[in-house]
Amino acid sequence: MLAKAKECWEQEQEEREAEKSRYLAQRIPTLQTRGLSLSALQDLCRDLHAKVEVVDEERYDIEAKCLHNTREIKDLKLKVLDLRGKFKRPPLRRVRVSADAMLRALLGSKHKVSMDLRANLKSVKKEDTEKERPVEVGDWRKNVEAMSGMEGRKKMFDAAKSPTTQ
């Protein structure tokens, strides 16, 4: 199979070379420099240089277009990959930003806005919560013995249930 592919490739190369030589023979006439005077040779050289310059300009223009097209193709390929979602997304890191810094970033440095989020919170007095629960000071060993077993669990359940019903 590789031998067959190699033969086909060699045949294509020979065909390309033959096509190239036919094209060049058709486009480029042979030069007749015999019997020309010095001034005629100089004129011929000037004409050839002018033709070479024109061809070089065209070649440069075509190369520039080709480079532009390849860049555009690469950009479009990247857009297609982005739309398909086949690229691997990097893991995002958590960034801690205060509310003031976030507002500064969103609104710009010209606007000086400070948000005190704690001012809007309800104030809870600690004294009120301590008054609601009377603290029983006693021997802790008796309390452990009283709360052990199923009876103790029932007492804890009843105690937790009774303050919510009041």
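How many helices and how many strands does the protein chain have? The protein chain has 6 helices and 0 strands (DSSP runs, H or I of at least four residues for helices and E of at least two for strands, numbered from the N terminus). This is a predicted model, in which local features need pLDDT of at least 70 and side-chain atom pairs count only at pLDDT 80 or more, while totals for chains, interfaces and linings use all residues. Residues are numbered from 1 along each chain as its sequence is written, and side-chain values use heavy atoms, with hydrogens and water left out.

**Fold and surface**

- Read from the N terminus, the elements run α-α-α-α-α-α.
- Of the chain's 166 residues, 1% count as buried (buried is under 20% relative accessible area, exposed over 50%, partly exposed in between, with a 1.4 Å probe and protein chains only).
- The accessible surface is about 17,700 Å², with 56% of it belonging to carbon and sulfur atoms (Shrake-Rupley method, 1.4 Å probe; for residues, only the protein chains shown count as cover).

**Salt bridges**

- The count comes to 4 salt bridges (a side-chain nitrogen of Lys or Arg within 4 Å of a carboxyl oxygen of Asp or Glu).
- R59 takes part in a network with D56 and E63: the closest N and O atoms are 3.5 Å apart for D56 and R59, and the E63 to R59 distance is 3.2 Å, N to O.
- Along helix α2, D56 and R59 are 3 residues apart, so about one helical turn separates them; E63 and R59, 4 residues apart, are also separated by about one helical turn.
- In helix α1, R22 pairs with E19, their closest N and O atoms being 3.2 Å apart; R22 is exposed at 52% relative accessibility, whereas E19 is partly exposed at 44%.

**Largest pocket**

- About 430 Å³ of space lies in the largest pocket (on a 1 Å grid over the protein atoms alone, a pocket is an open set of points where a 1.4 Å probe fits, with protein on both sides within 12 Å along at least five of seven lines; lining residues have an atom within 4 Å of a point).
- Two or more lining residues come from each of α1 (2-27) and α2, and α2 gives the most, with 6 residues.
- The lining includes Y23, R27, P29, K51 and D56.

**Cysteines**

- The count comes to 0 disulfides (pairs of cysteine sulfur atoms within 2.5 Å).
- C8 is partly exposed at 35% relative accessible area, and C66 is partly exposed at 45%.

Terms used. Grid points are joined across faces, edges and corners, and a volume is the space filled by probe spheres set on the points.
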